[in-house]
Amino acid sequence: MNQKERMLNNLPYRAWLDGLEEERLSCKTKTYEYNNIPPRDRAKRKELMRTIVGKIGEEFNIESPFQCDYGYNIEIGENFYSNHNLIILDVGRVKIGDNVQVAPNVSIYTAGHPVHPETRNTGYEYGIDITIGDNVWIGGSVSILPGVIIGDNAVIGAGSVVTKDIPANVIAAGNPCRVIREITEEDRYYYFRDRKFDVDPFT
């Protein structure tokens, strides 16, 4: 098993061998081009993004700047939106569902290093897959760490560091991120905390 195969299987690997360094450079070249396309040229932006990520739905909007390691390890569903400065270290696979919204300065890190300094200095690192379900809203400046699964309909509060799995249908926040409460039927009538809609949002 070469180093790329080890990386793709969530095993320790060395990132400068077996063509991985060249693949990262190719991806950086594409993201550099993407981040410098004029905002009005939406068609060109979409076309180029389809060559960066492994899979993405028909409708999406990824604001610049955007950065990732390889791109081909990212799978994104329909109706995806991310605000400025989304960083995805896709050493492991990153699977994102449908109708996901991402606020500015969000970082999704599949990558990590051994904690012992002597082991870390051998150059071995790893990537563990991350999964984000459907209808998830990720607040500003959230960091999602290796191996995390976020369930459908979850809301992750701004500034959170997500170190463990988050179940479906909850609001979670903090460092480390933890469940605050469940999302209820009553929540559909409010747009912010205790502020009710003054219009019918479903018409």
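## Ground rules

Buried means under 20% relative accessible area, exposed means over 50%, and partly exposed is whatever falls in between (1.4 Å probe, protein chains only). What you're looking at is a predicted model, so local features need pLDDT of at least 70 and side-chain atom pairs count only at pLDDT 80 or more, while totals for chains, interfaces and linings use all residues. Residues are numbered from 1 along each chain as its sequence is written, and side-chain values use heavy atoms, with hydrogens and water left out.

## The parallel sheet

Let's start with the strands. Helices (H or I, at least four residues) and strands (E, at least two) are DSSP runs numbered from the N terminus, and two strands pair if DSSP finds at least two bridges between them. On that basis, four strands line up as β4-β7-β12-β15 in an open sheet with parallel pairing. The edges belong to β4 (74-76) and β15 (149-150); each has a single partner strand, so one side of each has no neighbour in the sheet.

Inside that order, β7 (residues 94-96) and β12 (residues 130-132) pair in the parallel sense over three bridges. V94 sits opposite I130 of β12.

## Two nonpolar cores

A nonpolar core is a set of buried Ala, Val, Leu, Ile, Met, Phe, Trp, Tyr and Cys residues joined through side-chain atoms within 4.5 Å. The largest one has 38 residues, and F66, I108, I132 and I144 touch the most other members. Helix α3 (residues 42-52) is the top contributor, giving three residues to this core. Take I144: setting aside neighbours within four places in sequence, I144 is in contact (heavy atoms within 4.5 Å) with S107, I108, Y109, I130, I132, I138, I150 and V162. As general background, nonpolar side chains in soluble globular proteins tend to be buried together.

There's also a second, separate core of six residues, including M7, Y13, A15 and L20. Two of those names, Y13 and L20, turn up again among the contacts of Q3, along with R14, L17, D18 and Y124, once neighbours within four places in sequence are left out. Q3 is in helix α1 (residues 3-8) and counts as buried, at 12% relative accessibility.

## Salt bridges

Call it a salt bridge when a side-chain nitrogen of Lys or Arg is within 4 Å of a carboxyl oxygen of Asp or Glu. By that rule there are five. One of them joins K46 and E59, at 3.5 Å from N to O. K46 is in helix α3 and E59 is in the loop between α3 and β2, so this pair ties together parts that are 13 residues apart in sequence. Both ends are partly exposed: K46 at 25% relative accessible area and E59 at 48%.

R50 pairs with E58, with the closest N and O atoms 4.0 Å apart. Here R50 is partly exposed at 34%, whereas E58 is exposed at 53%. Then there's R181 with D187, at 3.0 Å from N to O; R181 is partly exposed at 37%, and so is D187 at 23%.

## The β18-β19 hairpin

β18 and β19 pair in the antiparallel sense over four bridges, with A172 bridging to V179 in β19. Four residues lie between the strands of this hairpin, and G174 takes a positive phi near 115°. The loop between β18 (170-173) and β19 (178-182) also holds P176, and the bond joining N175 and P176 is cis, with omega about 0°. As for β19, zero of its five residues are buried, so the strand lies largely in the open.

Most residues other than glycine have a negative phi, and most peptide bonds are trans. Against that background, the bond from S64 to P65 is cis, with omega near -5°, and P65 is in the loop between β2 (60-62) and β3 (66-68). N79 has a positive phi near 60°; this residue is in the loop between β4 and β5 (80-82) and is partly exposed at 45%. N135 has a positive phi of about 60° too. You'll find N135 in the loop between β12 and β13 (137-138), partly exposed at 37%.

Finally, Y191, F192, F197 and V199 make a nonpolar surface patch of about 400 Å². Patch members have over 30% relative accessible area and no salt bridge, with like charges joined within 9 Å and nonpolar side chains (Val, Leu, Ile, Met, Phe, Trp, Tyr) within 5 Å; accessible areas come from the Shrake-Rupley method with a 1.4 Å probe, and for residues only the protein chains shown count as cover. Y191 belongs to strand β20 (residues 190-192) and is partly exposed, at 49%.
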